[in-house]
Amino acid sequence: MRSGRTMMGIGLALGLWLNAPAGCGAVEATCAAGKSCVCEGAGSCEYDCPDGNCAMSCEGAGSCEFRCEGGGCDVACHGQGSCELACPGNNCNLSCSGAGSCELTECTKDCELACATIGSCESSCSDPSCKTN
């Protein structure tokens, strides 16, 4: 019991030091079409958008993984951790800024990767309809 309180105290202190919400941890969820879903804090975060047309963002120190089966997703990564968007549905936009690394995968056409980060940015799309800025 005492070690649980100690760990909770350490987690709270770390969250405050990183300017992250207290109690943040791993998130694994579905984002509905037409909705906006945000990953923030120090833990890992995964959002799946099976129907497409989601707006998702990654903020904070954690790593984020997004999947857009239906295509047409807009993802903004402003955090300090890594950010990955898998877009097999095509027509996705990934915008990166901050200190983290970004990767756009599984897109075969009409995807855009915009980078203004000090980390690395990569796109696996080689079709002429895909853009990297």
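**A close look at the core**

Tutor: The largest nonpolar core has 28 residues, and those with the most contacts inside it are M56, F66, C77, C83, L85 and L94. A nonpolar core here is a set of buried Ala, Val, Leu, Ile, Met, Phe, Trp, Tyr and Cys residues joined through side-chain atoms within 4.5 Å. Buried means under 20% relative accessible area, exposed over 50%, and partly exposed in between (1.4 Å probe, protein chains only). Two or more residues each come from β2 (36-41), β3 (45-49), β4 (55-60), β5 (64-68), β6 (74-77), β7 (83-86), β8 (93-98) and β9 (102-105). Strands are DSSP runs (E, at least two residues), numbered from the N terminus.

Before going on, a word on the ground rules: this is a predicted model, where local features need pLDDT of at least 70 and side-chain atom pairs count only at pLDDT 80 or more, while totals for chains, interfaces and linings use all residues. Residues are numbered from 1 along each chain as its sequence is written, and side-chain values use heavy atoms, with hydrogens and water left out.

Now zoom in on L85. Leaving aside residues up to four places away in sequence, L85 touches F66, C68, V75, C92, N93, L94, E103, L104 and T105; contact means heavy atoms within 4.5 Å.

M56 is a handy way into the strand pairing. Two strands pair if DSSP finds at least two bridges between them. β2 and β4 run parallel, joined by 6 bridges, and C37 sits opposite M56. On to β6: 4 bridges join β4 to β6, again parallel, and there the partner of M56 is V75.

There's also an open sheet of 6 parallel strands, ordered β1-β3-β5-β7-β9-β11. β1 (27-30) and β11 (121-123) are at its edges with a single partner strand each, so one side of each has no neighbour in the sheet. Between β1 and β3 there are 4 bridges, and E28 is partnered with E46 in β3.

Finally, the charges. A salt bridge is a side-chain nitrogen of Lys or Arg within 4 Å of a carboxyl oxygen of Asp or Glu, and the count comes to 2. R67 meets E69 at 2.7 Å, N to O, and pairs with E106 at 3.0 Å. E106 lies in the loop between β9 and β10 (112-117) and R67 in β5, so this pair ties together parts 39 residues apart in sequence. Shared partners link R67, E69 and E106 into one network. R67 is partly exposed at 28% relative accessibility, as is E69 at 37%.
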